[in-house]
Amino acid sequence: MNKIKNIITTVLFAVLIFSVSAVCILKPQGEYSPGERRALAKMPELSSETLFSGEFADGFEAYSTDQFPMREKLRTVKALFATGALGKLDNNGLFASQGHLSKLDTPQNEDMMDYAANKFLEIKNKFLKNDNIYFAIVPDKNFILAPQGGYPGLDYDAFTEGMKSRTQYMKYIDVAPMLSLDDYYKTDSHWRQENIVDIAGHIAKEMGSDILGEYTINTLENPFYGVYAGQSALPVKPDEIKYLTNDVMSEFKVTYYGSGSPEPGEMYDMEKAFGKDPYEMFLSGSMPLLTIENPNAGNEKELVIFRDSFGSSIAPLLAQGYKKTTVIDIRYMQSAFIGNFAEFENADTLFIYSTSLLNNSAAMK
Amino acid sequence: MLFSSISFLYYFLPAVILLYFAVPKPIKNAVLLVSSLAFYAWGEPKYVFLMIASILVNYVLGIAIEKFRGKPLSKVFLGISALFSLGMLGYFKYADFFIANFNKITGLSVGMLKIALPIGISFYTFQILSYTIDVYRGNVAAQKNPITLGAYVALFPQLIAGPIVRYSDVELQLQTRTHSFEKAALGIRRFILGLAKKVIIANTLGELCEAFHASGDKSVLFYWLFVIAYMLQIYFDFSGYSDMAIGLGKIFGFDFMENFCYPFISRSISEFWRRWHISLGSWFRDYVYIPMGGNRVGKIRLVFNILTVWFLTGFWHGAEWNFIVWGLYFAVFLMLEKFVLAKYLERAKGLNHIYVLFFVAISFGIFSASGMGQALSALGGMFGAGELPFISAEFVYNLRSFGPLLVIAAVGATPLVTMVKNKLPSKLTDILEIPVLFVLLIIATAYLADGSFNPFLYFRF
């Protein structure tokens, strides 16, 4: 028995490592990991320089890991083993609770909060001439999930107070009490546009504006696996993206300044809706600057929104109350240059940011 | 290159196995030498020349020591070998430590050398020293074939994390060794178990340690949780590496010494060190402690001998004061046990285990630090110094999240699993063994493919 067992063990091991090795060598290189939403490492260039500097070895380690056959399935095996057999409450910092996937919060970072607040102050001092400056913080869904599930999380009240004390020249609009878990996608960090109509109405009211509030709910025919689905590698059901339209919004004239010069765009980018990250359908995702002109506003008011990705889905709702809305993302453009593109005279200004960005604001320029 | 990497498992290892078993016997050592140098050069492309120089110098010195054995010149050549090997170790590993302390004492500001430490230098230096010392003592013959000596020094299975294999232990195997399905299967089993210990258990415990370091919500209990997790992480990482080394050795026909034997079931600190990093402990015993007179000396000299050996043991682990203190901490317990506690510990059943685990846990608080300041802070945290709360939310979360693994690791660190396995019908274990092994290999591969946390802990050695 032992003899046979030894032969089987040896042969199986040899077959496994040699066959996997052959597949590793022969398999064509993949380009992109849809789950992790990132480009996969490629075979590094081999030269005496890269060899002796260690660059080739480092590059090959990344390449061999990224290009490993059936990697996505193995990531799921690992995630299920870690959370199932080992009972870990999170996998790679992501956890599943109440049907939602979420990411463990990073500790409150005072330096990053200062950095964000200083950026806002620079913008205020340089461009904003009136007092119509408003500030809303979108809490991460952990503000509900973490305390209920016993996960370590930010003290969102303390965080909000910290940001408010740093930005006392702005009028703070509290949206947290209006948010429930259902207002967030289950597999993604973002909020759902169809569930934030009341929040948009509340913000508009605080800014002295009025928006319609009647919408047609449209459903995107593309399953939405949010950013957490891929990162966690856990098998989950996809979300559904719903987006709102009405007669006023259908008349919007949207102009993108992605390349610096104006280009006509769509409020809902259907190309991106079927792309790598369907949430980017809202105002075309990562866009440094865009304007929404509303011929049916019935007033001459203008709104400037400084925002992160949470702003993409609420901006079209808020734009109903203004003749022109300028939407700026200072992660993708230097804040010093925004005067070249936006008109601040007599405009309302709204800073709307998620806690995760404010707590990790290094990307703000 | 790490054993726990895709590049090793599915590129390097298959290539070396194929080549090794394809060539005739006389060329096998050359294949091992070349592949070992390639393995080392992968991570240390420049320092591989240092290793080659070390092999060549000690090859010549070994022959010279043998030629003049019994004559004063032999001692001179041994002195040169020791000076060369320890000089390299001193320069690459300890120079900045000495400069920093010199600057502190004198108030001068001599510039640091900031040299990267060649991986595994502490291991292969001790292997080379064991060779030249044993040639000097006449315990082994000088190796006339530089390829054979090179294969011994550079042998990739134990190159970067031990065990410290003595030349005398593998002298015959370097000339003639047998290969069989039995040895290969034993090696494969040992290798996969070691890989699983490292990748699944040690690395996951490492995540807990990282979470502790990153936490802004520390507490006394969180410090203790960290220290226990760290202690188990080091055990599973280090013994996992040793298992992989021993397993790979068996595949290539070698029998390396055991390096760990359930250290946490020890009933005294002396026993703990007979079960923990056995190859290092026995190296210091045979090449430092016994030549100094060992136990057969007066009490004062014995105290000096113990302190010297444990000072060196601590210093071997890293060029920081906390490692020296860590070594001397054990010296104190070893002396206490030798002179006072031994008989009490033997009688105190149960309590003796608690005594070992408690003081070993404290030692890992010191060991985990990157200097004495951090070590004192860790010890302070464990005993509630400052205004540290007793319990914190992050402690509770991490205990819940890592609790099952901690239990698995704690049980796995004892012979319990083997005992249970031995009680099961052999037919059942025979049937289950192969599927279990390959499931473990697939899960370990899944962890590696995921790019999960995979630290290399021996960069300081």
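Visitor: What makes Glu207(B) and Lys88(A) a salt bridge?

Guide: Welcome! Keep in mind that this is a predicted model. The closest N and O atoms of Glu207(B) and Lys88(A) are 2.7 Å apart. A salt bridge calls for a side-chain nitrogen of Lys or Arg within 4 Å of a carboxyl oxygen of Asp or Glu, so this pair qualifies.

Visitor: How many salt bridges are counted between chain A and chain B?

Guide: The count is five, and the one formed by Glu207(B) with Lys88(A) links these two chains.

Visitor: What area is buried between chain A and chain B?

Guide: About 4,400 Å², with carbon and sulfur atoms giving 72% of it. Chain A brings 47 residues to the contact and chain B brings 51. The size of an interface is often given as the accessible area lost when the parts come together.

Visitor: Let's look inside chain A. Why does Trp191(A) count as buried?

Guide: Its relative accessibility is 0%. Buried means under 20%, so Trp191(A) falls in that class.

Visitor: Which residues does Trp191(A) touch, leaving out those up to four places away in sequence?

Guide: Among them are Val138(A), Leu179(A), Tyr185(A), Ile199(A), Phe310(A) and Ile352(A). Trp191(A) itself sits in the loop between strand S6 (171-173) and helix H8 (197-206) of chain A.

Visitor: And what share of chain A is buried?

Guide: Buried residues make up 54% of its 365 residues. Chain A has 13 helices and 14 strands, and its C-alpha atoms fill a box of roughly 90 × 50 × 40 Å along the principal axes. Of the contacts in chain A with a separation of 6 or more, 74% join residues 24 or more positions apart.

Visitor: On to chain B. Is Cys209(B) buried or exposed, and why?

Guide: Buried: Cys209(B) has 4% relative accessibility, so it lies under the 20% limit.

Visitor: Then why does Cys261(B) count as partly exposed?

Guide: Cys261(B) has 35% relative accessibility.

Visitor: How many disulfides does a search of the whole structure find?

Guide: Zero, over all chains.

Visitor: How is chain B divided?

Guide: Chain B has domain 1 (6-177) and domain 2 (183-449). The contact between them takes 38 residues from domain 1 and 39 residues from domain 2. Their centres, taken over C-alpha atoms, are 26 Å apart.

Visitor: What area do domain 1 and domain 2 of chain B bury between them?

Guide: About 3,300 Å², 73% of it on carbon and sulfur atoms. Phe97(B), Pro163(B) and Arg166(B) supply 19% of the area that domain 1 buries against domain 2, more than any other three residues.

Visitor: What makes Arg166(B) and Asp286(B) a salt bridge?

Guide: Their closest N and O atoms are 2.7 Å apart, so the pair meets the 4 Å limit. The count between the two domains is one salt bridge.

Notes: Residues numbered from 1 in each chain as written. Chains lettered and ligands numbered in written order. Predicted model: local features only at pLDDT ≥ 70, side-chain atom pairs only at ≥ 80, totals over all residues. Heavy atoms only, no water. Disulfide = S-S within 2.5 Å. Buried < 20%, exposed > 50% of the residue type's maximum accessible area, 1.4 Å probe, protein only. Domains from an automatic or database assignment. Contact = heavy atoms within 4.5 Å. Buried area = accessible area lost by both parts, 1.4 Å probe. Helix = DSSP H or I, 4+ residues; strand = E, 2+ residues; numbered from the N terminus.
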